[in-house]
Amino acid sequence: MVTIKDIAKRAGVAQGTVSNVLNGKGNVSSEKIRRVMDAAHELGYVPNERAALLRKGPNDSLAVIMPSPRARQYTEFYSGFKHYAQAHGFLVTQHLVDENTPFSEEDAFMEVKPLQVKGVACLSIAAGTTFEDTIYKEGTAGSQVLFVEHQPSFDAPFLGFDYEAAGREMARKALEARYCDVCLLTGNPDFSNERDFCRGFLQVLEGTDCRITHIQTDLFRRYQHIIQLVGKSMPQAFFISNYGFAESVKDICSTFFGQDMKPAIYTVSPTFTMPENDFVKYEMNYRQLGKIAAETLIKGAPADRAAASRQILKGSGFRDWYSNIIVSKACPALNIITLDSPEAYIMQNFSRLYTRKSGIPVNVCIFSYDEIYETFNSLSHSSNYDVIRLDVTWLSWFSEKLLTPLTQIDADISQCLSDFLDGTPENYAMVHEEVYTLPSTPSVQILFYRKDLFESPIYKRMYFEQFRSELRPPRTFAEFNQIAAFFTKRLNPASPVDYGATVTLGSTGVAGSEYLARLFARQENLYSDNREIRLDSPAALDALRELIRLRQYTSPDFCSWWTNTARAFASGSFAMSILYSNYASGLLDHASRVVGNIGYAMIPGSNPLIGGGSLGVSRFSRHPREALSFIKWMCSEPISSAAALLGSTSPCRLTYENYEVVNNFPWMNLAKKCFPLSRGNRIPREAGIPFDERKFLSILGMSVKNAYSCVTSPEEALRSAQEQFAAHFQTRF
């Protein structure tokens, strides 16, 4: 095994220096850091994770004791637990127990004890046994213990779901369907969740004519028990407490009976983000359960056992994938016009689900940025479009020209706005106090950076030696340019990447957005405190110079659209990128070289531009009720969460509690915080007049491109922009 002494000898430094480098401590020069890391790599040094855990001690590590993760709910729990713990600087160890092995849980506690962890989450499979209380009384070297899902028979901190409520809701489904012969399939009744589920189910059906066959099984004997039942008599429906059992029932029924005898299967289930049609699922968010368990242990459980906490979470229940859908024979088809973007193709795929349920074909027509603007300008009574996807910055200009206020179709439409993220209804739905659209794909600018570079001991030290400041995500665009220069290989041969940052300057509209990010880092809105718009102000000139300075630190082949920007950053050739969040899924493309090394932060200035769009009903639509039905369906949970998992964005609050989505795209929680922070208004809201965003960006973007390309000076470019702006717009409000 490679030791610190071996590395020190190879690197030609003291052992203390090696220890400091490997542990991220001490004031070590970049040259010595490089020598140590090179030597460690050459010798094949592998850090000892157990030793690292012991070094961290009781304040920086947690443990999970759980059954072998064959059941999906345990995998989901552990994922949510580990994600939250690691995000808060904690190491996590997993200790598996076997239901068929005596004292397996006791052995797991003995494994945990020498690690001196801050807390233990125990999904105990031995709940109710005699040794459990003894273990809890002895403790694990001062660690807090939180029992999860299976409540012990003694007083101890507990976290779980309301399984009795789940059982009652399942039984009500049986009554609604008027089943007279059902199978109740549960696990060991010694477990509190199984016992509660069974009690709730049987209480509701007590005294009814429904015949109930109750089978108690486990993961090892489930196939045997199920086949014994269905081989004699197939029930009309199964009501199951465990998703793993439900999969087994489906497998046996499809394998041995095919479509001839296909019972309905109702099951308690982890939350599913994508549609799944085999079961009727009563969902429970196990990732959220894991997150809450980790959060509880990190905060610290009550020291007084008499005051031990008991948290019972409500399940998500039977989520309806087809709410808001109208089945209509009067509507031959719905036609949708949308901008070319990742979410346009996701909408195209999801529209098939809508058609399957409603019987209404959906045609999604996709246009480029320039094409769609011209199409909007030419729409008339002869238009066949029913649903219009409007960019958020175009709402002010086009809403009254092209859309029907949604209150004219549904007087209660404003009630659904409370389901959306803070900061989205006012920007993506309301125009002059009227609801014209629903938020569909809200997005916001985020700074993405190479986490591996920013956290590298070598580059952190090199940056400090050069600038006497910490290498961290920039808070100003001056810092942004300084870091970009540091990571540009032409200026710093030690840089591992070619360029410091991307720049997106395709069309005039795109160039205008790149510039406005820098302007709004200096002033809140386009207008000043005296309600005047000056595109040639000192702040505007400084912002343009800042952008032009970036030319030295980026590729000469700048990106034309944000899809290209995401692809460029994913190539691994850039250290930083400012990108709208609805294009960020491209960073995880199959060819990406930065997966696992993507950091994200608020853009410099903390006044990000918002993007993305909303869906509204065309004022020329012949089928407004059906059009609004599609919009409400597409913009609601769980459809929006499923779309987000595929790479879109979501307006719904509940999506940001979906750990499957957030684990895949962790920057979503930052995006959620950004919407209320974004100002950047073009004109005061109370002015009550439409603003032609396209014309504005055409004027501004052309001036930006001319200055960036050195066709004109920054002063000349903005002076020209101000003159053109004054000719087409009011400059004071």
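This is a predicted model: local features need pLDDT of at least 70, side-chain atom pairs count only at pLDDT 80 or more; totals for chains, interfaces and linings use all residues.
A residue counts as buried under 20% relative accessible area, as exposed over 50%, and as partly exposed in between. Because Ser323 has a relative accessible area of 23%, it is partly exposed.

**Ser323**
- Ser323 sits in the loop that connects β11 (310-313) with β12 (334-339).
- When neighbours within four places in sequence are set aside, the residues in contact with Ser323 are Trp633 and Ser636.
- Lys281, which is 42 residues apart from Ser323 in sequence, is 15 Å apart from it in space, C-alpha to C-alpha.

**Strand β14**
- Strand β14 (residues 387-391) is largely enclosed by the rest of the structure, because five of its five residues are buried.
- Burial extends to both faces of β14, with Val387, Arg389 and Asp391 on one side, and Ile388 and Leu390 on the other.
- β12 and β14 run parallel and are joined by two bridges, with Val387 of β14 as the bridge partner of Ile336.
- With strand β21 (residues 610-617), β14 pairs in the antiparallel sense over five bridges, and here Gly616 of β21 is the bridge partner of Ile388.

**Helix α27**
- Helix α27 (residues 693-708) comprises 16 residues and spans 21 Å from its first C-alpha to its last, which is close to the 22 Å expected at 1.5 Å a residue.
- The buried residues of α27 include Glu693 and Arg694 as well as Phe696, Leu697, Ile699, Leu700 and Tyr708.
- Among the elements that cover the buried residues of α27 are α14 (369-378), α20 (508-519), α21 (538-549) and α28 (714-728).
- After α27 comes Cys710, whose phi is positive, near 65°.

**Cavities**
- The model holds six cavities of 30 Å³ or more, and the second largest cavity has a volume of about 250 Å³.
- The second largest cavity is lined by 23 residues, of which Asp391, Ser513, Trp562, Tyr580 and Gly611 are the closest to its centre.
- Sorted by class, the lining of the second largest cavity consists of 12 nonpolar, seven polar and four charged residues.

Technical notes: Residues are numbered from 1 along each chain as its sequence is written. Side-chain values use heavy atoms; hydrogens and water are left out. Helices (H or I, at least four residues) and strands (E, at least two) are DSSP runs, numbered from the N terminus. Buried means under 20% relative accessible area, exposed over 50%, partly exposed in between (1.4 Å probe, protein chains only). Contact means heavy atoms within 4.5 Å. The expected span of a helix is 1.5 Å times one less than its number of residues. Two strands pair if DSSP finds at least two bridges between them. On a 1 Å grid over the protein atoms alone, a cavity is a set of points where a 1.4 Å probe fits but cannot get out, and a pocket is an open set with protein on both sides within 12 Å along at least five of seven lines; lining residues have an atom within 4 Å of a point. Grid points are joined across faces, edges and corners, and a volume is the space filled by probe spheres set on the points. Ala, Val, Leu, Ile, Met, Phe, Trp, Tyr, Cys and Pro count as nonpolar, Asp, Glu, Lys and Arg as charged, and the others, Gly among them, as polar.
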